[in-house]
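I opened my notebook today to look up a helix and some charged pairs. Here is the entry, with the structure first.

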Amino acid sequence: MPTYNKLVRDKIPAIIEQSGKKYTTSILSDEEYITELKKKSLEELEEYMNTENNEDALEELADILEIIHALAGYHGSSIDEVERIRNEKASKRGGFQEKVFLVEVEDD
């Protein structure tokens, strides 16, 4: 039986069960949960970095966004609040659409 030891989406156990396979799960403590969410965010980001086409990239971005929703909830907030903060920062500092690459800044 393969061992995974990783955070999975909520419906994965039911999907495994429907396939006729047996599985073992546990419910994480809050401390374990945030640790595993952080690990999962890196896993999903790495998967995005390894994509080679737009379809796969969008699939991985959707996974990253799902993790961001969960992280916002863990921190007692929502994706709407994260989006509000993102908009505020974009208004003050801009976004990344103009592809600006800072090479150096002269010291005084």
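This is a predicted model: local features need pLDDT of at least 70, side-chain atom pairs count only at pLDDT 80 or more; totals for chains, interfaces and linings use all residues.

**Entry 1: the end of a helix.**

**Entry 2: helix 3 itself.** Next I looked up the extent of helix 3, which runs over residues 54-74 and has 21 residues. From its first C-alpha to its last it reaches 30 Å, close to the 30 Å expected at 1.5 Å a residue. At the start of helix 3 I found a side-chain oxygen of Asn53 that comes to within 3.1 Å of the backbone nitrogen of Glu55.

**Entry 3: the buried side.** Which residues of helix 3 are buried? My list reads Ala57, Glu60, Asp63, Ile64, Ile67, Leu71 and Ala72. A reminder to myself: an α-helix has 3.6 residues a turn, so residues three or four places apart point the same way.

**Entry 4: salt bridges.** How many salt bridges does the structure hold? I noted nine. I picked a few to look at, starting with Glu43 and Lys6, whose closest N and O atoms are 3.5 Å apart. Glu43 sits in helix 2 and Lys6 in the segment before helix 1 (12-18), so this pair ties together parts that are 37 residues apart in sequence. Glu43 counts as partly exposed, at 23% relative accessibility. Lys6 is partly exposed as well, at 40%. I also see that Lys6 and Glu43 belong to a network of salt bridges that links them with Lys40 and Glu44.

**Entry 5: along helix 4.** Here I followed Glu88, which has a salt bridge with Arg84, the closest N and O atoms being 3.0 Å apart. Arg84 and Glu88 both lie in helix 4, four residues apart, about one turn of the helix. The side chain of Glu88 also meets that of Lys92 in a salt bridge, at 3.8 Å from N to O. Glu88 and Lys92 are again four residues apart in helix 4, about one turn.

Entry 6: Buried or exposed, I wondered about Lys92? Lys92 is exposed, with a relative accessible area of 65%. Arg84, at 41%, is partly exposed, and Glu88 counts as partly exposed at 38%.

Technical notes. Residues are numbered from 1 along each chain as its sequence is written. Side-chain values use heavy atoms; hydrogens and water are left out. Helices (H or I, at least four residues) and strands (E, at least two) are DSSP runs, numbered from the N terminus. The expected span of a helix is 1.5 Å times one less than its number of residues. Buried means under 20% relative accessible area, exposed over 50%, partly exposed in between (1.4 Å probe, protein chains only). A polar contact is a pair of N or O atoms within 3.5 Å; within protein, one must be able to donate a hydrogen and the other to accept it, and residues adjacent in sequence count only if both atoms are side-chain atoms. A salt bridge is a side-chain nitrogen of Lys or Arg within 4 Å of a carboxyl oxygen of Asp or Glu.
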